Amino acid sequence: MPVEITWWGHATCTVADSGVRVLTDPLFARRLAHLRRRRGAVPPPGAWRADVALVSHLHADHLHVPSLARLAPGTRLLVPRGAPRAVPGLRRLTHLRVTEVAPGDATPVGDLVVRAVPARHDGRRLPLGPHRSPALGFVLEGEARTYFAGDTGLFDSMAKEVGPVDVALLPVGGWGPHLGEGHLDAGRAAEALVRLAPRCAVPVHYGTYWPIGMDAVRPHEFHAPGAEFVRLAALRAPEVAVHRLEHGESVRPGVAR
């Protein structure tokens with residue numbers, strides 16, 4: 001099989017393709033500020049191993065400096081352009097090979113090419129800092145084409161900007177009772193399948209972190225998005241094979257071209 005996807009929880013995945021291990025938005029914390037990991041074990045040290053790690057945007061649950069510090073010396077790290085200026089902690093990660101990228105940039109890593117694409121999401125480092133960096137998605141082009149959306153809302157040029165893909169890793173939820181602008185919920189993620197027409201999809205960014213003390217507040221927003229995405233995808237994009245993974249589970253979708 002050309003590609004293997006492992007979901008570690010939230011937006012953190014390992015994509016293995018063409019002999020290259022890609023790690024998305026590494027987050028290896030049991031607690032992050034007011035958020036607590038409610039489901040799934042914290043990813044084990046084996047999950048920290050990657051040839052290249054991708055950061056989609058500067059929010060702390062996607063750019064988590066302590067998690068990035070655990071990556072092995074020499075690991076490549078692709079971050080949105082302007083990120084080291086906005087997040088001083090990145091500049092202390094001198095053991096990593098940090099490259100700033102913007103939409104349209106293509107970075108070869110072994111036999112894989114990592115292409116940065118636009119996302120519709122607030123890319124600021126909240127709640128502080130005037131500096132802005134673009135929120136990104138990434139398309140991994142190897143034996144398969146895998147789209148990691150990061151955090152994004154739907155946008156008119158999504159299919160054109162992303163291009164043809166075999167696998168789509170789509171966010172379907174969040175870490176609180178309400179999703180703001182620039183996010184996909186289960187329904188909007190199903191609509192993204194209609195626009196992108198991948199061969200298969202994996203829902204991510206749900207059912208992992210939740211605000212401390214709010215377990216009883218709209219709990220369906222924590223538990224339901226993955227199953228709801230599967231249901232809606234079957235209605236709106238029945239030709240797409242959807243793989244709903246448990247934390248730490250892997251899938252090898254047959255998407256050879």
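A salt bridge here is a side-chain nitrogen of Lys or Arg within 4 Å of a carboxyl oxygen of Asp or Glu, and the structure holds 10 of them. This is a predicted model, in which local features need pLDDT of at least 70 and side-chain atom pairs count only at pLDDT 80 or more, while totals for chains, interfaces and linings use all residues. Residues are numbered from 1 along each chain as its sequence is written, and side-chain values use heavy atoms, with hydrogens and water left out.

Helices (H or I, at least four residues) and strands (E, at least two) are DSSP runs, numbered from the N terminus.

Then there's the sheet. It is open, with 7 strands in the order E9-E10-E11-E12-E13-E14-E16 and mixed pairing; two strands pair if DSSP finds at least two bridges between them. Strand E9 (106-109) and strand E16 (241-242) are the edges, each pairing on one side only. Further in the list, strand E13 (residues 167-171) and strand E14 (residues 200-204) run parallel over 5 bridges, and Ala168 has Ala201 in E14 as its bridge partner.

Helix H5 (186-196) also turns up at a pocket: along with helix H6 (220-223) and helix H7 (225-236), H5 gives two or more residues to the lining of the second largest pocket. That lining divides into 6 nonpolar, 5 polar and 5 charged residues, where Ala, Val, Leu, Ile, Met, Phe, Trp, Tyr, Cys and Pro count as nonpolar, Asp, Glu, Lys and Arg as charged, and the others, Gly among them, as polar.
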